[in-house]
Amino acid sequence: MSLRVDVAANRAARKWTRAEQVRRVLWAAAWPLFRLSPRPCWGWRRGLLRLFGARVGRAVHVYPTARIVMPWNMRIGDGAALGDGAILYALGPVSIGARATVSQGAHLCAGSHDLSRPDRPLIKPPIEIGADAWIAAEAFVGPGVRIGQGAVVGARAVAMRDVAAGTIVAGNPARAIGRCGQ
């Protein structure tokens, strides 16, 4: 059985409130102030993110080439880092724990579509990255996924399911390959 996609209904659906639309336009206008800031200007970028509603802890390092959609849906704990070219597609809530690292080119995707319906409505499941976790270079963390405290998602891994605390995963789909500290 095939499901006929209702593209017209999807395009007609209201995905964002008026306030969200306004904030998205303002964030796009402010984006050059973030992107063009010198690399060591950590405080400047933290301030811009806070200005747009992100909850950002102390000593957070967000690199200027990190791409952030809807910062008001983000919470970043003390000492966490977002590397060069990291993508935070924060359509839904994204929480990054203290001292966690999201490495260069990693992608956290808190948005998708309900494939069970012909109009494919937008859904915004949260992502949670635990304290001391590491999302390695170019890894992908999908919508609704929780990465446990101290877990490692290896380079270019695709985590579409939760990863238990202290577990190291790799591959596509991501599979457990070890435990941290062992």
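**Strands, sheets and aromatic rings in a predicted model**

In strand β8, T101 is the residue that stands opposite A81. A81 sits within strand β5, residues 81–82, which runs parallel to strand β8, residues 101–102. The two strands are joined by two bridges.

Stepping back, both strands are members of an open sheet of seven strands. Read across, the order is β2-β5-β8-β13-β16-β18-β19, and the pairing is mixed. Which strands stand at the edges of this sheet? They are β2 (61–62) and β19 (175–179). Each has a single partner strand, so one side of each is left without a neighbour in the sheet.

Another open sheet is built from five strands, in the order β3-β6-β9-β14-β17. Here the pairing is parallel. Its edge strands are β3 (67–69) and β17 (158–159), and each of these pairs on one side only. At the β17 end, two bridges join that strand to β14 (residues 140–141), and the two run parallel. Within this pairing, V141 stands opposite A159 of β17.

Along the principal axes, the C-alpha atoms fill a box of roughly 50 × 40 × 20 Å. Of the 182 residues in the protein chain, 42% are buried. Contacts along the chain can be sorted by sequence separation: of those between residues at least 6 apart in sequence, 27% join residues at least 24 apart.

A pair of aromatic rings is described by the distance of the centres and the angle of the planes. The structure holds five aromatic pairs. One of them is formed by W27 and W31, which are edge-to-face, with 5.5 Å centre to centre and 65° between the planes. Both of these residues lie in helix α2 (residues 18–35), where they are four residues apart, about one turn of the helix. W27 also forms an edge-to-face pair with F34, at 6.0 Å centre to centre and with 65° between the planes.

Is W27 buried or exposed? With a relative accessible area of 6%, W27 is buried, because buried means under 20% relative accessible area. F34 is buried as well. Together with W31 and F52, these two residues form one aromatic cluster.

The last stop is the cysteines. How many disulfides does the structure hold? The count is zero. C109 counts as buried, at 11% relative accessibility, whereas C41 is partly exposed, with a relative accessible area of 28%. The two labels follow from the cut-offs, because partly exposed covers the range between under 20% for buried and over 50% for exposed.

Conventions:
Residues are numbered from 1 along each chain as its sequence is written. This is a predicted model: local features need pLDDT of at least 70, side-chain atom pairs count only at pLDDT 80 or more; totals for chains, interfaces and linings use all residues. Side-chain values use heavy atoms; hydrogens and water are left out. A disulfide is a pair of cysteine sulfur atoms within 2.5 Å. Buried means under 20% relative accessible area, exposed over 50%, partly exposed in between (1.4 Å probe, protein chains only). Two strands pair if DSSP finds at least two bridges between them. Rings of Phe, Tyr and Trp (its six-membered ring) pair if their centres lie within 6.5 Å; planes under 30 degrees apart count as stacked, over 60 as edge-to-face and the rest as tilted. Contact means heavy atoms within 4.5 Å.
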